[in-house]
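Hi,

Here is the structure I promised to pass on to you. Have a look at it first, and then read on for what turned up in it.

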Amino acid sequence: MKAPGFWTERSTLAWLLYPLGLLYGSISLSRFNKKPRYKAHMPVICIGNLVLGGAGKTPTALALGRAAVALNLSPVFLTRGFKGSEPGPLVVDASRHTIAEVGDEALLLARVATTIVARDRVEGARLAEQIYAERDGGVIIMDDGFQNPYLHKDFNLVVVDSRQSLGNGFIFPAGPLRAPLNPQVRRADQFLIVGEGGHAPQLRQLLARLGKASNHASLRPGKCNLLGGTRVFAFCGIGHPDKFYLTLEQLELEIVDYQDFDDHHAFTEAEAEAILARAEAQDLDIVTTSKDHVRLQNLGEAGARLASRAHVIEVEMKFDDMSFPRRVIEQAQRKFSRR
């Protein structure tokens with residue numbers, strides 16, 4: 001879903017929905033405060049956020065996974081497999097599983113390390129334990145699941161987008177918060193503020209006032225084989241498409257035409273044909289995100305043509321403190337050892 005415009009301000013509609021937000025918040029807080037029913041036999045790091053929508057959780061999880069590999073550890077990603085049909089628990093096989101089965105994020109994570117899809121996070125953790133029973137250095141990295149109470153987390157890293165921030169500060173459906181703010185903040189071990197948006201200073205002040213440390217990172221373009229000034233047709237189905245267009249501007253690509261889709265959008269052959277036709281009619285190169293590119297598989301002939309023509313614009317999480325991913329892993333290991 002795309003975030004409604006009124007989530008950014010305390011408009012009349014937001015106030016009308018405010019009582020529903022209080023009810024939703026009460027229910028979500030009751031679930032949030034439940035005691036975990038399982039502690040895994042390996043460290044568990046959870047990458048979460050406070051609000052609905054994208055904040056940079058998956059790029060952060062990928063960065064931690066790469067850091068774990070560099071430390072000679074054995075990371076395993078644990079994800080719900082959003083919009084996938086498979087309930088799990090199962091180990092993702094990128095050569096066999098499709099977007100429809102495991103979701104786009106799972107296929108991206110599987111490029112870096114073993115990835116488990118499980119709607120039941122406890123069963124997913126148990127499968128991870130089976131895989132790493134005979135190995136040292138196993139660590140579970142959860143992509144999302146901060147509000148899920150059932151699996152104990154040794155370290156909660158909460159990612160906040162500096163531009164979206166906390167929106168209007170109301171709870172869904174009146175605003176973007178997934179649960180009341182203060183209980184969520186108390187549960188977090190550290191915060192990662194992503195981007196250069198105008199809310200970053202206020203976020204740091206708020207978190208400091210609540211006694212929480214925060215670090216900073218930015219999503220930066222990876223390698224791109226298009227020259228600056230190239231005229232492009234851009235399409236994406238992510239939570240905040242403006243982030244993608246900002247990346248294209250950083251690469252000095254000229255966005256002549258574009259199309260947005262809902263987050264995690266399942267493309268059709270007709271949509272693939274339409275994108276190809278619009279780009280060809282204007283003699284434009286086609287660019288998209290890695291998440292959208294993986295969704296084009298198994299889409300038929302039009303999807304295959306679009307996938308082959310589209311240039312994937314990769315982004316990487318760049319931390320102001322390059323030691324931050326390693327320190328998160330080490331802190332999780334220490335907390336695990338003190339259980």
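Predicted model: local features only at pLDDT ≥ 70, side-chain atom pairs only at ≥ 80, totals over all residues.

Before the first residue, a word on naming: helices (H or I, at least four residues) and strands (E, at least two) are DSSP runs, numbered from the N terminus.

**R295 and its surroundings**

Is R295 buried or exposed? Its relative accessibility is 5%, and buried means under 20%, so R295 counts as buried. Which residues does R295 touch, once its neighbours within four places in sequence are set aside? They are I99, D104, G237, H264, H265 and F267. One of these contacts, F267, is 28 residues away from R295 along the chain, yet the two C-alpha atoms are separated by 7.0 Å. R295 also takes part in a network of salt bridges, in which it is linked with D104 and D292.

**Salt bridges**

Side chains of opposite charge can pair when their charged atoms come close. Searching the whole structure gives 18 salt bridges. Here are some that you can look up.

- D144 and R178 meet through their side chains in a salt bridge, at 3.2 Å from N to O. This pair links distant parts of the chain, 34 residues apart: D144 is in the loop between β5 (138-143) and β6 (155-161), while R178 is in the loop between β6 and α6 (181-187). R178 has a relative accessible area of 16%, so it is buried.
- R326 and E330 form a salt bridge between their side chains, also listed with an N to O distance of 3.2 Å. Both belong to helix α12 (residues 324-337), and because they are four residues apart there, about one helical turn separates them. R326 is partly exposed, with a relative accessible area of 34%, and E330 is partly exposed too, with 27%.
- D93 and R96 are joined by a side-chain salt bridge of 3.9 Å, N to O. D93 counts as partly exposed, at 29% relative accessibility, whereas R96 counts as exposed, at 55%.

**Helices that pack together**

Two packed helices are described by the angle between their axes and the distance between the axes. There are two pairs to show you.

Take helix α9 (residues 269-281) and helix α11 (residues 301-309) to begin with: they pack at an angle of about 45°, and their axes are 8 Å apart. At that angle, α9 and α11 are therefore oblique to each other. Their crossing is left-handed. On the α9 side, the contact is made by E269, A272, E273, I275, L276 and E280, and on the α11 side by E301, A302, G303, R305, L306 and R309. What kinds of residue make up this contact of α9 with α11? Five are nonpolar, one is polar and six are charged.

The other pair is helix α2 (residues 57-70) with α12, packed at an angle of about 75° with axes 9 Å apart. α2 and α12 are therefore roughly perpendicular to each other. Here A63, L64, A67 and A68 of α2 meet P325, R326, V328 and I329 of α12. The contact of α2 with α12 has seven nonpolar residues, no polar ones and one charged.

**Backbone details in the loops**

Where are the cis peptide bonds to look at? One joins G88 and P89, with omega about 5°, and P89 is in the loop between β2 (74-79) and β3 (90-91). Another runs from F172 to P173, with omega near 5°; P173 lies in the loop between β6 and α6.

That loop between β6 and α6 also holds S165. S165 is not a glycine, yet its phi is positive, at about 55°. S165 counts as buried, at 11% relative accessibility. D144, too, has a positive phi without being glycine, in this case near 80°. You will find D144 in the loop between β5 and β6, and D144 is the partner of R178 in a salt bridge.

Enjoy looking around!

Best wishes

Methods:
Residues numbered from 1 in each chain as written. Heavy atoms only, no water. Salt bridge = Lys/Arg side-chain N within 4 Å of Asp/Glu carboxyl O. Buried < 20%, exposed > 50% of the residue type's maximum accessible area, 1.4 Å probe, protein only. Axes fitted to C-alpha atoms, helices over the stretch in contact; angles between N-to-C directions. Parallel < 35°, antiparallel > 145°, perpendicular 65-115°, else oblique. Left-handed = near helix turned anticlockwise from the far one by under 90°. Contact = heavy atoms within 4.5 Å. Nonpolar A, V, L, I, M, F, W, Y, C, P; charged D, E, K, R; others polar.
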